[in-house]
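Dear colleague,

Please find below the structure that I am handing over to you. My notes on what was found in it follow.

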Amino acid sequence: MTAVLTLAAGPLAALDLALPSGARLTAERLTEAGTYAVPTGPWREGSGVPVQLAEGRVLRQAYRIDSSDLTTLQVLAPLRTQLEQAGYSVLLDCVTGTCGGFDFRFGIEVMTAPDMYVDLTAYRFLSAEGPEGDFLTLLVSRSAAASFVQLVRANGPEPAPEDPGPVVSPGPADAPAAAPATPEQIAARLEQRGYVVLPDLSFATGEADLGETEVASLEALASYLKDNPARRLLFVGHTDATGSLEANRALSQRRASAALAYLRDRHGIPATRMAADGAGYLAPVASNLTQEGREANRRIEAVLLEAEG
């Protein structure tokens, strides 16, 4: 038995893709008027990953398939066949080394863990253009226990006013403007997803000082940790791709450390229950080719860790 994915295409006909049995949606985000940088070739020294910008409705989805037997090819090959049968033309079809390995992975848009996981030594990528000018990309990888699929579809034409087509509402965890403000919301997000983005943390360019202003999401985290004394958190800082990796990693580390210090100094949360790290620009959630994407990539996440002992 397979899971059937119906991808809304605005004025286009819906496209049904069948994933292996047990596939479940872990994250979904729809942008009604957005831009997606579609990778069209492997990473190349000096030029990076070639892309074609697609504008319109952009649907991003991540799926998890709990199975230790499936290979990345076994997941991707049937999806590729379905796309070709639907009239899609393949632009790029590559595997780890031929894609560009580490550099390709961090040169494309990838949804955040734990919703999407990418093994840098074993992944496959495919991009294709549809008969109506829309674009679709697939990123497939696996862990020891599961396979992961990221699917992004960017439509060509905008929906007609009289027939806007089905709209997929983003889940509460993916709403960029809504920072969880209560302990209950923080707890639900952490317990269900394993991490939460803290979009109300604000830093001046190149700075890592939170100042004296009260931060709602950190206040909620403080309440959550006080109510759950066995819980531990890791703060992870992220930046856009402006500047060197070394400088961005250092800056993101300082910003994550500022969030940790906020809870330690203002609320007395023991430092042993928290940690801070910086990923720089290595885990983007959007394209760094647009201002909107760069702003989305500049963020701090709180990740729920295993309890000690």
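**Contacts and overall make-up**

Of the contacts (heavy atoms within 4.5 Å) in the protein between residues at least 6 apart in sequence, 70% join residues at least 24 apart. The model is predicted, so local features need pLDDT of at least 70 and side-chain atom pairs count only at pLDDT 80 or more, while totals for chains, interfaces and linings use all residues. Residues are numbered from 1 along each chain as its sequence is written, and side-chain values use heavy atoms, with hydrogens and water left out.

The protein has seven helices and twelve strands; these are DSSP runs numbered from the N terminus, with helices (H or I) of at least four residues and strands (E) of at least two. Of its 309 residues, 48% are buried, meaning under 20% relative accessible area. The accessible surface is about 14,000 Å², computed by the Shrake-Rupley method with a 1.4 Å probe, where for residues only the protein chains shown count as cover. Carbon and sulfur atoms hold 52% of that surface.

**A helix pair**

Helix α5 (residues 216-227) packs against helix α6 (residues 245-267) at an angle of about 65 degrees, with the axes 10 Å apart. Axes are lines fitted to C-alpha atoms over the stretch in contact, and angles run from 0 to 180 degrees between N-to-C directions. Residues of α5, including L218 and L225, meet A259, Y262, L263 and H267 in α6.

**A surface residue**

L289 lies in the loop between β11 (274-280) and α7 (291-297). With a relative accessible area of 51%, L289 is exposed, because the cut-off for exposed is over 50%.

Yours sincerely

How values were computed: Buried < 20%, exposed > 50% of the residue type's maximum accessible area, 1.4 Å probe, protein only.
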